[in-house]
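Here's a quick briefing to read with the model open beside you.

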Amino acid sequence: MYNFDEVIDRQHTNAMNTDGFRDYIFHADESMTFPYKDEEFIRMWVADMEFATPDVVIDGIKERLEKRIFGYTRVFEKSYYDAFSGWCKNRYDWTFHRKELVMSNGIIPALYELVEYICKTDEKVLFLTPSYAYFKYAADFNKRDYVCSDLKNEDGQYSIDFKDFEKKAADEKTTLFIFCNPHNPSGRVWKEEELKKLAEIIKKYNLWVISDEIHCDLIRLNQKHIPLGKIMPDYERLITAMAPSKTFNLAGLMISNIIIRNEKLREVWLSRHYNFDNPLSIAAAQAAYEKGNVWLEELRAYLDENFRFVGEYLSAHLPKARYHISEATYLAWVDLNEYFEPDEELPLFFAYKAGVLLEGGNMFVQNSDGFIRLNLARPKATLAEGMKRICEAVNTKHTEKYKGE
Ligand code: LCS
C-alpha cells in the first residue's frame with residue numbers, strides 16, 4: 001500500500017505550484033502580498049499532485065543515473081514503444097504503429113508546433129469551451145484565429161452541442177479541432193456515442209484533429225476511456241497526445257508521446273522539431289508504463305474517495321454550490337454562481353479570504369464564469385483544511401463584490 005496521506009514539503013524545489021502562482025494566477029510579481037505566508041496557503045491550483053512519484057519510477061531514474069553518461073539522447077530503443085503501446089493496449093485496447101510515435105518535451109509545445117504545421121495563416125482552430133487555456137494560446141501564439149463551441153451545461157451535466165459544433169466545423173476556414181479527451185476542466189469522459197457523433201462531423205468536413213488525452217489514465221474507477229483513435233481507426237488526419245506527466249506526477253521531467261498518423265505531417269515534425277529527449281525522463285516514463293500500474297490503481301481509489309469527500313462537504317456547508325464528481329482528472333469543477341456575481345475575481349477572493357490558491361472560471365477561455373477549479377490530488381488532511389477554508393470564506397462573505405484588498 002502506498003501512503004498518499006504523507007504531506008511532502010515542496011519548498012526549495014523550484015516548483016511552479018509553490019513559487020509560480022503570483023505570476024500564473026495573478027499576473028503579478030513578488031511584491032504582491034497576502035494575509036497568508038506562502039507556505040500557509042492550501043494550493044489547489046496548477047495540475048500537478050502533492051503525491052510522490054511512484055518508487056518504481058524513481059528506481060528507473062536511479063538505474064539510468066548509474067550509467068553515468070547523459071549525452072544527446074533520443075528514444076531509439078523499441079523497449080520504450082513496447083512499454084507505452086503495451087500500456088495503451090492493456091488499458092484501452094488500442095494500439096498504434098511504432099513509426100507514428102514521436103516525442104515532445106510536453107503536449108503544450110507540441111500544440112504550439114502542430115497549429116503552425118497544420119493551419120495556414122488564415123485558417124482557424126476549433127475547440128470546446130470551457131477549455132484548457134493553452135488550446136487558445138496555441139492559436140494566439142501562431143496568430144491563427146480560433147473559434148469556440150460552448151458545451152451545454154444542464155444542471156452541471158456537460159454535453160457537446162453538436163449542432164453548434166457542426167456549424168463551426170463547416171466553416172471552410174476551420175481546419176483543426178483540438179479535442180480534450182477526457183475534458184479539462186469539466187472532467188467529462190466522453191462516451192462512445194458522443195465520440196462517434198464527433199467523428200462523423202470531423203470526417204464530413206475533413207478536419208485535422210488533435211486528441212489531447214493527457215488525462216485519460218486518471219479516471220474514476222467506474223469510468224472507461226476511449227481513445228478517439230479507436231473510434232476513427234483509419235482516419236489519417238488524427239494526432240493523439242498522451243503523457244506520463246499527469247498520471248505519475250512527473251510534469252517537470254517534460255516528456256510526452258505524440259502519435260502522428262499522417263506521414264507528411266510526421267515528416268514536417270521530424271524535420272523541424274528539436275528531436276532530443278532527456279535520458280532521465282525516458283527512463284522514468286518507461287518504468288512508469290512498465291511497472292506503474294499497481295500504484296495508479298491505488299491512486300485512483302484514493303482520488304475517488306477525495307471526490308466523494310468534497311461532495312459530502314459541499315452539500316453540508318455550501319448547499320447552493322453545484323458539484324458533480326468529475327468522471328476524469330483530479331480536478332473538481334464547482335459552480336458557485338449562487339454565491340458570487342459572474343464577473344468576480346474568484347482566485348483573488350479565495351487567496352485573500354481563505355488562504356487557498358485555486359483557478360477560476362475566467363482562466364478557461366469562456367463559458368465558465370462563477371466556477372472554481374479545485375485540485376484534489378492531495379492528502380486527505382490538507383484537502384479537509386482547504387474545503388473548510390473555502391466554505392467558511394464563502395459563508396462569511398459580505399454580499400457586495402470582493403474587489404481585492
Ligand atoms: N493538455 C491538457 C488538457 C492539460 O490539462 C495539460 C496540463 C497539458 C496539456 C500540459 O501538458 P504538458 O505540456 O505538461 O505535457 N494542465 C494543467 C492545468 O490544467 N493546470 O496546470 C497544468
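A polar contact here is a pair of N or O atoms within 3.5 Å; within protein, one must be able to donate a hydrogen and the other to accept it, and residues adjacent in sequence count only if both atoms are side-chain atoms. With that in hand, look at Lys246: one of its polar side-chain atoms sits 3.5 Å from a nitrogen atom of the ligand.

Bear in mind that this is a predicted model, where local features need pLDDT of at least 70 and side-chain atom pairs count only at pLDDT 80 or more, while totals for chains, interfaces and linings use all residues. Numbering runs from 1 along each chain as its sequence is written, and side-chain values use heavy atoms, with hydrogens and water left out.

**Around the ligand**

- There are 14 residues around the ligand, and Ile107, Asp212, His215, Lys246 and Arg373 come nearest; a residue counts as near if one of its heavy atoms lies within 4 Å.
- The side chain of His215 has an N or O atom 2.8 Å from a ligand oxygen.
- On its own the ligand has 510 Å² of accessible area, and the protein covers 91% of that (Shrake-Rupley method with a 1.4 Å probe; for residues, only the protein chains shown count as cover).
- By type, the shell splits into 8 nonpolar, 3 polar and 3 charged residues. In this scheme Ala, Val, Leu, Ile, Met, Phe, Trp, Tyr, Cys and Pro are nonpolar, Asp, Glu, Lys and Arg are charged, and the others, Gly among them, are polar.
- Helix H5 (residues 107-118) is the top contributor to the shell, giving 3 residues. Helices (H or I, at least four residues) and strands (E, at least two) are DSSP runs, numbered from the N terminus.

**Two domains**

- The protein divides into domain 1 (16-54 + 294-404) and domain 2 (69-291), with bounds taken from an automatic or database domain assignment.
- Each of the two domains supplies at least three residues to the ligand shell.
- The C-alpha centres of domain 1 and domain 2 are 26 Å apart.
- Across the boundary, 35 residues of domain 1 are in contact with 39 residues of domain 2, contact meaning heavy atoms within 4.5 Å.

**Arg10**

- Arg10 is in the segment before helix H1 (16-19).
- Arg10 counts as buried because its relative accessibility is 16%; buried means under 20% relative accessible area, exposed over 50%, and partly exposed in between (1.4 Å probe, protein chains only).
- The Arg10 side chain makes a polar contact with the side chain of Asp48, at 3.0 Å.
- Setting aside residues up to four places away in sequence, Arg10 touches several others, including Arg43, Met49 and Glu50.
- Arg10 and Glu50 are 40 residues apart in sequence, yet 8.5 Å apart in space, C-alpha to C-alpha.

- Thr129 lies in strand E3 (residues 124-129) and is buried, at 0% relative accessibility.
- Beyond four places in sequence, Thr129 is in contact with residues that include Cys148, Ser149, Asp150 and Val365.
- Asp164, in helix H7 (residues 162-170), touches Cys148, Ser149 and Asp150, again leaving out residues up to four places away.
- Buried or exposed: which is Asp164? Asp164 is buried, at 15% relative accessibility.
- Lys163 also lies in helix H7, but Lys163 is exposed, with a relative accessible area of 74%.
- Between Lys163 and Ser149 there are 9.6 Å in space, C-alpha to C-alpha, and a separation of 14 residues in sequence.
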